[in-house]
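Biologist: Could you give me a close look at one part of this model, beginning with the predictor's confidence and then placing that part in its surroundings?

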Amino acid sequence: MKPMLIIKNLVVSVDKKTIIKDLNLTINPGEIHAIMGPNGSGKSTLANVLARNQDYVIESGTIEFNGEDIITTAPEICARNGLFMSFQYPVAIAGVTNIQFIKTAVNAVRKHQNLATYDAIEFLQLIKEKMAVLNMDQDFLYRPINEGFSGGEKKRNEILQMILLEPKLAILDETDSGLDIDALKDVANGVNTLRDPAKAILMITHYQRLLDYITPDFVHVMSDGKLIYSGDKTLPAELEAKGYAWLKGRAEQ
Amino acid sequence: MNKNSEINSFIEQKYTAGFSTDIESDSAPAGLNEDIIKFISQKKNEPEFMLEWRLKAYRHWLTLKEPTWANVKYPKINYENIVYYSAPKKKTLTSLDEVDPEILKTYAKLGIPLREQEWLAGVAVDAVFDSVSVATTFKDKLAKAGVIFCAISEAIQKYPDLIKQYLGRVVPYTDNYFACLNAAVFTDGSFCYIPAGVKCPMELSTYFRINAVATGQFERTLIIAEAGSYVSYLEGCSAPMRDENQLHAAVVELIALDNAQIKYSTVQNWYPGDKDGKGGIYNFVTKRGHCRGKNSKISWTQIETGSAITWKYPSVVLFGDNSVGEFYSVALTNNHQQADTGTKMIHIGKNTSSTVIAKGIAAGSSQNTFRGLIDVSSLAVKARNFTQCDSLLLGDKCGAHTFPTIKAKNPQANIEHEATTSKIGDDQLFYCRQRGISEEDSISLIVNGFCKQVFRELPMEFAVEAQKLLEVNLEGSVG
């Protein structure tokens, strides 16, 4: 089995400040990984680099997605090849309806993958089905994307896009932050529909609570730009009890 | 890659309508004097009163100075180098078959196949090629409804009473420098008359095109909507690529009587000059409507993407009680284009209301100015205005400017003004691209979203065209 993602000796800077320092990670198809860690440890930077946000400069190291080096690949090409990021802060675009935006995206991806594109009626049916899974009101179809959405609405909408785009690798950047318990369950439901032996998920989170609903295979702790410890699904509970400090101490030894 | 250079390379545009057609012109010598004006009037077989009016306008023009208040810079125009009359040789046509095939081809290149429009779209087209109307269609259907839609030169001969009653009554020749010049030398344009109680059975459309070398275009359009009538008028234009600047000074006059409605939509795509700012059309236009009757309504919708210089303020004077004026505008400037455009809403009648939605998009090294006047007279009890004026900047070498003026002489007037300026954010672009949408399509999506409030005011076919036009004007080589 070929790994989905291989990160080797990655060093990344933003505004000339080094944020990620020598990071290594391999994710295989079918796996769910979680990265936890304190604020400022570089978790969101990692998500953005993987999605090819060009504000982040790769100083050295390699990233292979599906066997291809993506260090110089444009974000839209990565996306079309099946890499999705759920944004921590999704941006609003005035005058562009949610359905228009998502249909444009889905058809761009499908066209690239040589799949038939959806016409308006097919797509409307499809998106309505998926919205039901997430308990989303149909008003969302015709509202400008993310404009005036609450925190929970934005995150539901991110997961809606994920489900429709059917990525191979989904990166969830702090998807649980700002969610009440109902929204959290809906979002987790949505993510769990993506579980598939051919797909992988990378979750970035502060807290254990999302992991209560989406059980990870591997949990990594990130601190000061490195993964300092890896464990299994029992690690979050231990972290919750002991905090990050005990791991930091261990890493320095 | 550097973000700005990426955006800059992206917004470099190519003008796709740049070509010229070879047709023998029957032209007047360059320059302007009373003999030229007599020549034009004679060529047009005009009645004596028109010649007198033109000469009065010309004599008044000689006393005027070219205005300098607009936020545009251009080399001095030499009015003696301009050819004021130029016409394709073949005239009197009874069907499209008689139209010069070259002209038909030109329209086809622009994506305006006349025949197909005639058959499919149900739009009557009064096509202006250079200075003479060469094709007018759907006359019969309009005639049955009692609607007159013809070249203004034809109207001057056939309906002198209407012309005497209305021409120059909304925009008098004393109005401004360019309107005065237009009154003296205008060679063509459209005339529409909608009789009382008639809803015009189709959208009326004119495509303008500037073609002969160094020929100024001086169009004059007059639309009269009698009591209880309705008309929607579409104006679209495009010009071939030329090196020298071409002056265009058009005048449009609209008159709406009691309960009448006029909807006037423009898509303007004249040659804007090359990316160094060379060439391009100078577009000095005076457009104004009178809501003379009670409950009358005039709407201007404009999509302005072309011209090197745009100087244009479609306005409404609200005389009638409860009358309504609207202005919806998208002005896109790129490279070295300069646009100074906006509107005037003059409230005179009681309970009059006006809406102004202006969207300016500036890219490249262009300058995009909105200039607005809301003037509420002391008589305009309970007048209302809402103005929203938004600017979108692409890149960091362009400028957006807003000059709103509000004069309220009635204490019961209610005037609201909102204005925003924003840049297409890197975060918005990244969000779209992360979803698999190309950079080019992302910009187009964001720009179209920004313009949506205006696009939805356009008739359906025009909205599609306008969207395409913005895409073409923003397209370029993505690095």
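Modeller: Gladly! Where pLDDT is low, the predicted coordinates should not be read in detail. For the complex, the predictor gives an ipTM of 0.95 and a pTM of 0.79.

With that in mind, let's look at G277(B). You will find G277(B) in the loop that links β12 (261-269) to β13 (281-291) of chain B. There are 17 other C-beta atoms within 10 Å of G277(B), so this glycine counts as partly exposed rather than buried, a label that takes 20 or more. Leaving aside residues up to four places away in sequence, G277(B) touches N335(B) and H336(B). As for A70(B), the C-alpha atoms of A70(B) and G277(B) lie 18 Å apart, across 207 residues of sequence. Among contacts in chain B with a separation of 6 or more, 84% join residues 24 or more positions apart.

Now to the partner chain. Where the two chains meet, chain A contributes 21 residues and chain B 17. On the side of chain A, α2 (75-80) and α3 (98-112) each supply at least two residues, and α3(A) gives the most, with 5. By class, that side of chain A has 13 nonpolar, 5 polar and 3 charged residues.

Chain A also has an open sheet of 4 strands, antiparallel in pairing, in the order β2-β1-β4-β5. Its edge strands, each pairing on one side only, are β2 (17-27) and β5 (68-69) of chain A. Strand β4 (residues 57-65) of chain A is joined to β5(A) by 2 bridges, and F65(A) stands opposite E68(A) there. Packed on this sheet is helix α1 (residues 43-50) of chain A, which touches β1 (5-14), β2 and β4 of chain A and points at about 70 degrees to β2(A).

Elsewhere in chain A, strand β6 (residues 83-86) runs parallel to strand β7 (residues 169-173), with 4 bridges between them. One bridge pairs S86(A) with L172(A). From β6(A), L83(A) and M85(A) point one way and F84(A) and S86(A) the other, and all are buried.

Finally, helix α5 (residues 151-165) of chain A packs against helix α6 (residues 181-192) of chain A at about 10 degrees, with axes 9 Å apart, so α5(A) is roughly parallel to α6(A). G152(A), K155(A), R156(A), I159(A) and I163(A) of α5(A) meet A183(A), D186(A), V187(A), G190(A) and V191(A) of α6(A). This contact has 5 nonpolar, 2 polar and 3 charged residues.

Methods: Residues numbered from 1 in each chain as written. Chains lettered and ligands numbered in written order. Predicted model: local features only at pLDDT ≥ 70, side-chain atom pairs only at ≥ 80, totals over all residues. Axes fitted to C-alpha atoms, helices over the stretch in contact; angles between N-to-C directions. Parallel < 35°, antiparallel > 145°, perpendicular 65-115°, else oblique. Contact = placed C-beta atoms within 7 Å. Nonpolar A, V, L, I, M, F, W, Y, C, P; charged D, E, K, R; others polar. Buried ≥ 20, exposed ≤ 12 C-beta atoms within 10 Å, placed from the backbone. Pairing = 2+ DSSP bridges.
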